[in-house]
Amino acid sequence: MPRIEQLPPDMRPQTIAVLCVGNKLMLDDGIGQAVYEELVSSYEIPDNVMLYDIGCLSMDMLFVVDACDMVITVDAVDGTDAEPGTVFRFEPDAMARHSGATASLHDLKLIDLFDAATLLGYSAEGICLGMQVENPSPAEVTIGLTPKVHAALPLLVETVVAELYRLGVELKLKAE
């Protein structure tokens, strides 16, 4: 089977980036990294899917928007009034430019990245997958997730896998 880059452009599957956002030193804010670790350890990731553990979203990720057809961010959300562990799927504008319910915990939101990319002529699409957190900012540096968020981690991982499947990518579990 030829590698993706060997196929003619019109026959290539779309290129998808999964950006796992957050700070694993701040309890539930590390949900993105927890999803990243689970995907890497449990699934075979195909060549057309680029998986990133990026910490906080930054303009450094513009190269990803330029190189991809679709960008999925996985992030902690707060202020939704939902139970901790509730999973959300948002279009980038739904989380944009406000700090209330459904806002990402990070200053730079996916819509900001896409706005900058549009100015540069890049045209990837994007979605945000997030989980309502219980404690995103502990008083002390704390690695790990709160019990409710940890218990819901498989649901967020399955949501990422399902979103990729919706986009035509079937992840296979690694052989044990």
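A word on what we are looking at. This is a predicted model, where local features need pLDDT of at least 70 and side-chain atom pairs count only at pLDDT 80 or more, while totals for chains, interfaces and linings use all residues. Residues are numbered from 1 along each chain as its sequence is written, and side-chain values use heavy atoms, with hydrogens and water left out.

How confident is the predictor? pLDDT is its confidence in each residue, from 0 to 100. The mean pLDDT of the chain is 83, and 81% of the residues reach 70 or more. Over residues 97-103 pLDDT stays under 50. Where pLDDT is low, the predicted coordinates should not be read in detail.

Now the layout. The chain has four helices and eight strands; these are DSSP runs numbered from the N terminus, with helices (H or I) of at least four residues and strands (E) of at least two. Their order from the N terminus is β-α-β-β-α-β-β-β-α-β-α-β. Contact means heavy atoms within 4.5 Å, and of the contacts between residues at least 6 apart in sequence, 76% join residues at least 24 apart.

On to the inside. Buried residues make up 47% of the 176 in the chain, where buried is under 20% relative accessible area, exposed is over 50%, and partly exposed is in between (1.4 Å probe, protein chains only). A nonpolar core is a set of buried Ala, Val, Leu, Ile, Met, Phe, Trp, Tyr and Cys residues joined through side-chain atoms within 4.5 Å. The largest one here has 30 residues, and Val18, Val35, Leu39, Ile72 and Leu164 have the most contacts inside it. Which element gives the largest share of this core? That is helix 4, with eight residues. Leu39 touches Ile45, Leu51, Val157, Val160, Val161 and Leu171, not counting residues up to four places away. Apart from that core lies another, of 15 residues, including Ile54 and Ala124.

Let me also point out Ser42, in helix 1. Ser42 is buried at 17% relative accessible area, and its side chain has a polar contact of 2.7 Å with that of Glu38. A polar contact is a pair of N or O atoms within 3.5 Å; within protein, one must be able to donate a hydrogen and the other to accept it, and residues adjacent in sequence count only if both atoms are side-chain atoms.

Next, the two aromatic pairs. Rings of Phe, Tyr and Trp (its six-membered ring) pair if their centres lie within 6.5 Å; planes under 30 degrees apart count as stacked, over 60 as edge-to-face and the rest as tilted. Tyr52 and Phe63 have ring centres 6.2 Å apart and planes at 85°, so they are edge-to-face. Phe88 and Phe90, at 5.5 Å and 10°, are stacked.

Last, a backbone detail. Asp81 has a positive phi of about 70° although it is not a glycine, and Asp81 is exposed, at 81% relative accessible area. Thanks, everyone!

Terms used. pLDDT is the predictor's confidence in each residue, from 0 to 100.
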